[in-house]
Amino acid sequence: MIADITLREFIAGLFLAGGAFFLLASAIGMLRLPDFYCRLHASGNSETLGVMLSFMGLVIYEGLTLTSLKMIMIFLLIFLGNPIGTHILSKAAYKSGHHVWTLEEDAKEEKNHADLPH
Amino acid sequence: MEKESILKDRTIVGSPLTHLFSLGILMFVFWLALSGDFAVKFVVYGLITSAVVAWICYPLLLLPNADGTKKYFALGVSPIAFLCYSMWLLKELVLANIDVVKATVRPELRIDPKVIRFVFRSDNPMAKVLLANSITLTPGTVTMNVTSEGIYEVHALTEGAAEGLLAGAMPRKVAELFGEEFDFTVLKGE
């Protein structure tokens, strides 16, 4: 029943829904973006806000207890670790000479492709 | 290095005793949060353990600068200033995230990926780490490489993200946080 939901549960639900939205957007970006580096943006960054909102929702739902303090610790760990992982991946790709996709090159390539005889 | 000489090491920036004390407090709070038991026995165990851990770990948290003349304590920033910076970063994170979601979820992709370069010099290695980490944490920009001369190579997803970073608000905040001179130059071209 709708009447059974307290205000705190409602706010927690809003935060969880926001988190789910950003995680979904991150997944969509992962599928749509053209190259490795752009996909790193989707997977690494948009996810941080999604996870952050989800954890905030859980903390609000739980209230001020030791469990929610531990949740905040897990979140801080993600906050520190996620950019490091993203950076290591992009650094490895960059050092091994992975190509960076740009708009101009894409336009050039499409033109060359159109010039080819069919 | 001998353990005894740490307290008398003149190359450390700040006072080693204060650092040890704050590290011990941090460890003790961590102990209390994880144990959740406030009986005297466990609190005493926690005090002893955190003191030992702080004493052993302190030399590992000392980072030398580029020419090796000074050593910086890795956690040696003012907690209040750091909290202010975190709040500012959180605000930036939300705004930039909304921008990136807008650019990627629309029917046509509005992205213009490119590599931007700039120089940010600082004596404290933690300032470099914090800036690189903050850039990667902000959606739309990922740090690809940081050289020892302080050249940052950053992959920016959208035009707005690149402009926002090159405007220099984030490096300025980091320099202020560590009490360093603001030394920031944008490098053009390849």
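Predicted model: local features only at pLDDT ≥ 70, side-chain atom pairs only at ≥ 80, totals over all residues.
User: What makes β4 and β5 of chain B count as paired strands?

Analyst: Two strands pair if at least two bridges are found between them, and β4(B) and β5(B), the latter covering residues 151-156, are joined by five bridges in the antiparallel sense. The pair therefore meets the cut-off of at least two bridges. Within this pairing, N145(B) stands opposite E153(B) of β5(B).

User: What is the order of the strands in the open sheet, and why are β4 and β6 of chain B said to stand at its edges?

Analyst: The sheet has four strands in the order β4-β5-β3-β6 of chain B, with antiparallel pairing. Because β4 (141-146) and β6 (184-187) of chain B each have a single partner strand, one side of each is left without a neighbour in the sheet. From one strand to the next, the twist averages 30°. In general, strands of a sheet pair through backbone hydrogen bonds.

User: How do you know which helix of chain A packs on this sheet?

Analyst: Contact means heavy atoms within 4.5 Å, and helix α3 of chain A, residues 66-95, touches β3 (114-120), β4 and β5 of chain B, with its direction at about 60° to that of β4(B). Helix α4 of chain B, residues 125-137, also lies across β3, β4 and β5 of chain B, and runs at about 145° to β4(B).

User: What makes the lining of the largest pocket mostly nonpolar, and which element gives the most to it?

Analyst: The largest pocket holds about 2200 Å³ of space and is lined by 46 residues, with L76(A), L80(A), L26(B), L75(B) and F82(B) lying nearest its centre. Leu and Phe both count as nonpolar, and the lining as a whole divides into 38 nonpolar residues, seven polar and one charged. The element that gives the most is α3(A), with eleven residues. Elements of both chains supply at least two residues each, among them α2 (36-62) of chain A and α1 (16-35) of chain B.

Terms used: Residues numbered from 1 in each chain as written. Chains lettered and ligands numbered in written order. Heavy atoms only, no water. Axes fitted to C-alpha atoms, helices over the stretch in contact; angles between N-to-C directions. 1 Å grid on protein atoms, 1.4 Å probe; cavity = no way out; pocket = protein on both sides within 12 Å on 5 of 7 lines; lining within 4 Å. Points joined across faces, edges and corners; volume = space filled by probe spheres on them.
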